[in-house]
Structures are given as structure tokens and as C-alpha cells.
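Subject: Structure handover

Hello,

Please find the structure below.

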Amino acid sequence: MQEGHSETVNYRVFAGTWNVGGEAPPDDLDLEDWLDTKAGSYDDIYVLGFQEMVPLNARSVLGPKQRSAAMKWQRLIGDALNGGRSVQDGEDAAQGAAMDHGQGVFRCVVSKQMVGIFVSVWARSGLRRHFRHPGVSAVGAGVLGWLGNKGAVSVRFLLHDTSFCFVCCHLASGGEDGDALRRNANAAGILSRTSFLNSAGARRAPAPEELPKKILDHDRVVLLGDLNYRIAMDDAEARQLVRARKWSMLLENDELLLELSGGRQFDGWREGHVTFAPTYKYHRNSDQFCWCADGGAAARDKQHRAPAWCDRILWRGKGMRQIRYERCGGYRLSDHRPVRAEFYAVCEVVESKHG
């Protein structure tokens with residue numbers, strides 16, 4: 001890079017995660033509540049991560065890729081961001097500015113699917129020219145340690161002269177002894193095994209050698225998904241706290257918060273203050289938790305496990321400030337509830353002395 005002076009520009013970045021439980025979305029599913037676009041206020045960049053986009057059975061995991069589910073979710077995202085107006089790639093920013101919300105159209109910058117894990121990045125049409133060297137990487141961590149029913153899909157890009165990486169994870173499930181260690185091992189494997197090659201697409205200019213190859217080498221990193229961490233306390237006591245909606249007392253025993261405060265597997269990562277209700281496990285099409293009040297044998301069944309904050313969003317790197325972190329309770333398609341976070345992100349713009 002030629003010598004020059006640098007300036008900074010700030011963008012609003014939306015990050016959302018949702019385990020959709022293998023359920024195909026109805027054609028009329030409205031994502032505007034989750035993306036918070038109904039009031040006409042739009043962020044600059046949207047990063048949406050999904051887990052269990054397809055049922056996690058042998059046919060889905062071992063069979064051919066199923067793009068139909070991803071295409072359907074992509075259409076719903078585009079509808080929510082563009083007011084239901086179909087956007088063609090040939091349209092330019094000037095045409096987009098004529099849209100009702102007056103913010104320009106949004107288009108997908110990069111996306112990637114691995115079995116049920118899918119991540120999609122959208123940006124204002126006027127920003128797309130500032131995105132460079134997009135890259136994708138998928139790491140399986142499921143059966144035999146490599147199948148894609150668990151693991152992560154990561155996307156990265158340069159925005160101006162600042163590198164971003166978004167990691168969409170689905171970690172090991174289970175609330176038994178040792179399961180949290182498996183989640184930690186999944187996370188460690190994802191961070192160590194994920195590696196980015198040169199730019200996606202043969203027609204793009206090759207990425208410079210100094211472009212980050214590993215997740216933690218990027219300037220701004222967001223990790224989101226169904227991390228599956230549970231509440232590390234007696235099940236009966238946890239249920240009492242759930243009944244009383246004493247979320248803060250439950251969170252004192254949240255496995256992920258214990259990891260973050262202990263500086264172990266997630267050393268250097270940050271999470272916003274969790275003030276919302278658990279994101280899992282709900283009866284489908286209901287706001288009722290999937291657990292039994294009697295605490296008997298049925299309550300110990302995996303279908304009746306105590307609620308937990310499985311769905312989370314973490315970040316690391318300077319130049320990012322979180323301004324919102326919340327659960328979206330209005331969606332009952334899945335046994336999980338979607339979560340969203342919003343950030344102010346600083347990007348460096350290096351201007352060459354030679355123009």
C-alpha cells in the first residue's frame with residue numbers, strides 16, 4: 001500500500017442469529033421485526049446467521065447440498081430490507097434511492113452455506129464498491145469431528161481498509177457433564193482450522209499477501225450462532241428461577257459467561273449485557289418453554305430440558321461499539337428465538353499520496 005494519510009468512517013452494522021429448527025419458512029414470513037426495518041430506519045450492513053436451515057438428518061448431512069432453503073431465506077431477507085421490492089443486480093444506487101425508504105437498495109455481498117449453517121451479508125448498494133476481497137470458509141465439527149451438522153461458516157471482507165470477519169457457529173449440544181468442554185473444543189477447532197484463501201471468484205483481483213488468513217487476525221470479528229451453552233446449576237433450582245423470571249440469577253451460572261469471565265476459551269471476546277429471556281427451548285408455535293413443572297422423569301428428558309441462552313453474539317477488536325443486544329420474541333417458527341445486535345463500526349480509509 002502506498003504511503004498516505006488515513007481517515008475514518010463509521011457504519012452501523014446489524015448482526016442476527018437464528019436456529020430455525022429445520023423448518024422451512026412460510027412464504028409470507030415477515031422478517032421486518034427481526035431486522036427492525038418497519039420504522040424506516042436502516043443500518044448500513046446486515047449479517048444474518050442461521051442454524052438448522054435444513055433438518056439435521058443423514059440425508060441432509062451426507063446428501064447433496066440443498067440450496068432451496070437458502071434461496072427462500074435470501075428472498076425473505078431481501079423483501080425485509082427492500083420493502084418487498086424485487087431488486088435486480090443491474091440496478092444502480094441512483095435507481096435504488098428512489099425507493100420508498102429513501103436509503104438505497106440492499107444487495108447480498110457474500111453468502112455461504114454448509115448443510116444447515118448459513119450466513120448472508122447484505123449492504124447498501126452505495127457501499128458495495130467499498131467491499132473488497134470477500135472470502136468464505138466452512139469447518140465441520142459434527143459426527144466424527146468433521147461433518148457439517150455442527151461447525152461454523154465464516155465470511156470475511158475488507159471494507160475500505162479495515163478487515164471484518166463474521167463467524168456463524170453451531171456448537172455441540174447437550175446439558176450433561178462434559179458437554180460444555182465439547183463446546184469449548186468445537187470453538188477452539190473452528191478458530192484454529194478456519195483459513196481464508198484468496199478472493200472468491202476467478203474474475204476478482206487476487207488478494208494481497210498480507211490479507212488476514214485466520215479469524216483472529218482480522219480487525220473486527222463477530223462470532224454468532226447457536227453456541228449451545230447451558231445453565232450450570234441444579235435443574236430443579238434452575239426451573240424455580242425460570243418460573244420467577246429471575247434471569248440475572250440464572251445468568252450467574254451461564255456456562256458461556258463463566259468462560260468469558262474466566263478468560264479461558266473466549267479470552268479477548270466481549271458480549272453485551274444479557275437482559276432478555278432465554279432463547280431456548282420453546283414449544284413450536286408457542287411462547288411456552290419445553291419443560292415439565294413436576295420435575296419428574298419427563299423433565300429430565302432432552303425434550304424437556306431447562307431453558308437456556310443458547311443463541312449468542314460475541315465480538316472482539318477495537319473500533320466496535322455495541323449499541324443494542326436483544327432477543328426477538330415474536331417469531332415462533334422454531335424452538336429457538338432469534339437474537340440481534342447492533343454495532344457502530346469504525347473503518348479506516350487510507351488515501352494514497354499519489355491518488
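Aspartate 79 sits in helix 3 (residues 67-81). Its C-alpha atom is 10.0 Å from that of leucine 29, a residue 50 places apart from aspartate 79 along the chain.

Two notes on how to read the rest. This is a predicted model, in which local features need pLDDT of at least 70 and side-chain atom pairs count only at pLDDT 80 or more, while totals for chains, interfaces and linings use all residues. Residues are numbered from 1 along each chain as its sequence is written, and side-chain values use heavy atoms, with hydrogens and water left out.

Confidence

The term pLDDT is the predictor's confidence in each residue, from 0 to 100. The protein chain has a mean pLDDT of 86, and 81% of its residues reach 70 or more. Over residues 89-102 the pLDDT stays under 50, and the model has 19 contacts for them beyond four places in sequence. A contact means heavy atoms within 4.5 Å. Residues 293-300 also have pLDDT below 50, with 9 contacts in the model beyond near neighbours in sequence. Where pLDDT is low, the predicted coordinates should not be read in detail.

The chain as a whole

The protein chain has 9 helices and 11 strands. These are DSSP runs numbered from the N terminus: helices are H or I with at least four residues, and strands are E with at least two. Of the 355 residues in the protein chain, 54% are buried. The chain exposes about 16100 Å², and carbon and sulfur atoms supply 47% of that area. Accessible areas come from the Shrake-Rupley method with a 1.4 Å probe; for residues, only the protein chains shown count as cover. Among contacts between residues at least 6 apart in sequence, 70% join residues at least 24 apart.

Strand 9 (residues 311-316) is mostly covered, since 5 of its 6 residues are buried. Strand 8 (residues 220-226) and strand 9 run antiparallel and are joined by 6 bridges; two strands pair if DSSP finds at least two bridges between them. Aspartate 226 stands opposite aspartate 311 in strand 9.

Salt bridges

How many salt bridges are there? The count comes to 22, where a salt bridge is a side-chain nitrogen of Lys or Arg within 4 Å of a carboxyl oxygen of Asp or Glu. Side chains of opposite charge can pair when their charged atoms come close.

One of these joins arginine 284 and glutamate 23, at 3.7 Å from N to O. Arginine 284 lies in the loop between helix 8 (255-262) and helix 9 (297-300), and glutamate 23 in the loop between strand 1 (4-19) and helix 1 (32-35), so the pair ties together parts that are 261 residues apart in sequence. Arginine 284 is partly exposed at 36% relative accessible area, and glutamate 23 is partly exposed at 31%.

Aspartate 287 forms a salt bridge with arginine 332, with the closest N and O atoms 2.9 Å apart. This pair links distant parts of the chain, 45 residues apart: aspartate 287 is in the loop between helix 8 and helix 9, and arginine 332 is in the loop between strand 10 (320-327) and strand 11 (339-352). Aspartate 287 is partly exposed at 43%, and arginine 332 is partly exposed at 33%.

Arginine 264 and glutamate 259 also meet in a salt bridge, at 3.5 Å from N to O. Glutamate 259 is buried, with a relative accessible area of 9%.

There is also a network of salt bridges that links Arg12, Asp36, Asp43, Arg324, Glu326, Arg340 and Glu342. Aspartate 36 is in the loop between helix 1 and strand 2 (45-51) and is partly exposed at 30% relative accessibility. Leaving aside neighbours within four places in sequence, aspartate 36 is in contact with Ser41, Arg324 and Arg340.

Cysteines

A search of the whole structure finds 0 disulfides, a disulfide being a pair of cysteine sulfur atoms within 2.5 Å. Cysteine 108 is partly exposed, at 24% relative accessible area, whereas cysteine 290 is buried, at 8%.

Regards

How values were computed
Buried < 20%, exposed > 50% of the residue type's maximum accessible area, 1.4 Å probe, protein only.
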